[in-house]
Amino acid sequence: MTLRELLGIQLPIVQAPMAGSQDGELAAAVSEAGGLGSLPCAMLSTDAMLTELTAIRARTDKPVNVNFFCHAPPTADARRETAWRELLSPYFKEYGIDPSAASEGAARAPFSAAAADVLEVFKPKVVSFHFGLPSAQLIARVRSWGSKVLSSATTVEEALWLERRGVDAIIAQGAEGGGHRGMFLSEDLTTQVGTLALLPQIVKAVGVPVIAAGGIADAAGVGAAMSLGAAGVQLGTAYLLCPEARASAVHRAALKSRHASHTALTNLFSGRPARGIMNRLMRDLGPINDAAPAFPLAATALVPLRKKAESAGLGDFSPLWAGQNISGCKEISAAALTRALVP
Ligand SMILES: Cc1cc2nc3c(=O)[nH]c(=O)nc-3n(C[C@H](O)[C@H](O)[C@H](O)COP(=O)(O)O)c2cc1C
């Protein structure tokens with residue numbers, strides 16, 4: 001069965017879910033254009049999920065992917081949190097922010113029974129996960145109403161692990177990709193390889209369709225991935241400048257700047273490695289710093305700094321997620337972009 005038949009889509013193009021940078025409008029536009037639009041739910045409350053899924057349904061009856069993180073929630077570590085806030089304290093001073101100010105927002109929650117209750121109302125065609133899979137019980141619920149299950153693999157071992165647990169397709173996420181690495185069997189960044197190396201090895205190792213992701217920006221890239229055995233392609237960065245995306249003003253400005261192609265994997269903004277455009281915090285503390293609290297706790301302390309800097313037009317403390325290939329970012333409609341990506 002082809003990916004198109006499996007997921008009920010016309011084009012082999014998946015718009016990558018991008019938590020914090022889009023809502024249902026982008027998802028609906030891509031799905032309506034014949035690709036697979038995705039709604040990221042990692043940063044949505046169940047009420048917000050309900051609102052977004054209702055809005056998507058009003059815009060399209062085509063298949064849509066609903067995406068979740070499925071990390072184990074961390075245990076708070078007061079000592080580490082204090083050390084992290086101390087490391088950030090010069091910036092709080094510089095901006096005149098009380099370092100003890102309560103910060104909220106930027107929370108990321110894993111898939112839960114409550115989220116499954118909302119999904120059950122909509123029964124989306126596709127549900128995708130990042131950081132492995134949720135419990136077998138939750139997966140069984142998702143499957144019970146017929147959703148196809150996808151998850152990201154960043155190594156051959158992860159792909160085999162996912163296949164053994166019965167996923168319908170695997171997203172091979174190469175190290176070029178923007179946003180969080182979906183890695184879940186190892187924390188060792190030296191295990192992470194590029195799409196050109198990862199994709200054919202995963203295709204050879206598993207029997208399910210493989211979707212290529214990471215650094216793909218145009219129809220030629222999509223064609224190259226397909227000729228290496230990909231059944232489809234997932235693109236995130238390329239969609240960030242579409243009018244339907246919700247990338248912040250500083251994120252859009254960074255993507256359009258001449259510095260956009262200088263990215264790095266960083267754990268500073270969430271506690272897990274993710275690829276973003278180099279900014280002041282990454283330069284000052286080093287993109288990977290052991291002081292950052294466990295995922296997703298590192299984000300909390302940065303919230304007031306980020307807000308203050310962003311209101312002055314600066315992305316110095318913001319995650320500017322982007323992949324290594326920003327050449328596909330265009331200020332054109334998501335439908336036009338989706339169609340232009342087909343080889
Ligand atoms: C801004 C941004 C946010 C992302 N957020 C998510 C997310 O919420 N869930 C997810 O599964 N992947 C997320 N990703 C990773 C994408 O699924 C995908 O692997 C990546 O975008 C592919 O590489 P590319 O950006 O070079 O196209 C994100 C990527 C970006 C650029």
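Predicted model: local features only at pLDDT ≥ 70, side-chain atom pairs only at ≥ 80, totals over all residues.
A residue is counted as near a molecule if one of its heavy atoms lies within 4 Å of that molecule. Residues are numbered from 1 along each chain as its sequence is written, and side-chain values use heavy atoms, with hydrogens and water left out.

The shell around the ligand holds 21 residues. Pro17, Asn67, Gly215, Gly236 and Thr237 come nearest. Polar contacts were taken as pairs of N or O atoms within 3.5 Å; within protein, one atom must be able to donate a hydrogen and the other to accept it, and residues adjacent in sequence count only if both atoms are side-chain atoms. The side chain of Asn67 places an N or O atom 2.8 Å from a nitrogen atom of the ligand. A polar backbone atom of Gly215 lies 2.8 Å from a ligand oxygen atom. For Thr237, a polar side-chain atom is 2.5 Å from an oxygen atom of the ligand. On its own, the ligand has 600 Å² of accessible area, and the protein covers 99% of this. Accessible areas come from the Shrake-Rupley method with a 1.4 Å probe; for residues, only the protein chains shown count as cover.

Secondary structure follows DSSP runs, numbered from the N terminus: helices are H or I runs of at least four residues, and strands are E runs of at least two. Strands β3 (64-69) and β9 (232-235) each supply at least two residues of the ligand shell. By class, this shell has eight nonpolar, 13 polar and no charged residues. Ala, Val, Leu, Ile, Met, Phe, Trp, Tyr, Cys and Pro count as nonpolar, Asp, Glu, Lys and Arg as charged, and the others, Gly among them, as polar.

A cavity is a set of points where a 1.4 Å probe fits but cannot get out; a pocket is an open set with protein on both sides within 12 Å along at least five of seven lines; lining residues have an atom within 4 Å of a point. Grid points are joined across faces, edges and corners, and a volume is the space filled by probe spheres set on the points. Two cavities of 30 Å³ or more were found in the whole structure. The largest cavity has a volume of about 560 Å³. Its lining comprises 35 residues, with Ala16, Pro17, Met18, Gly178 and Gly179 closest to the centre. The ligand sits in this cavity, a term that requires more than half of its atoms to lie within 2 Å of the grid points. Strands β3, β4 (126-130), β6 (169-173), β7 (179-180) and β9 each supply at least two lining residues. The lining has 15 nonpolar, 19 polar and one charged residues.

The largest pocket holds about 560 Å³ of space. Of its 23 lining residues, Glu187, Gly271, Arg272, Pro273 and Phe295 are closest to the centre. They divide into 14 nonpolar, five polar and four charged. The second largest pocket holds about 290 Å³. Its 16 lining residues include Ala254, His259, Met278, Asn279 and Leu320, which lie nearest its centre. Helix α10 (249-256) gives the largest share, three residues.

Most residues other than glycine have a negative phi, and most peptide bonds are trans. The Phe295 to Pro296 bond is cis, with omega near 0 degrees. Lys123 has a positive phi, near 45 degrees, and lies in the loop between α5 (113-122) and β4.

Key. 1 Å grid on protein atoms, 1.4 Å probe; cavity = no way out; pocket = protein on both sides within 12 Å on 5 of 7 lines; lining within 4 Å.
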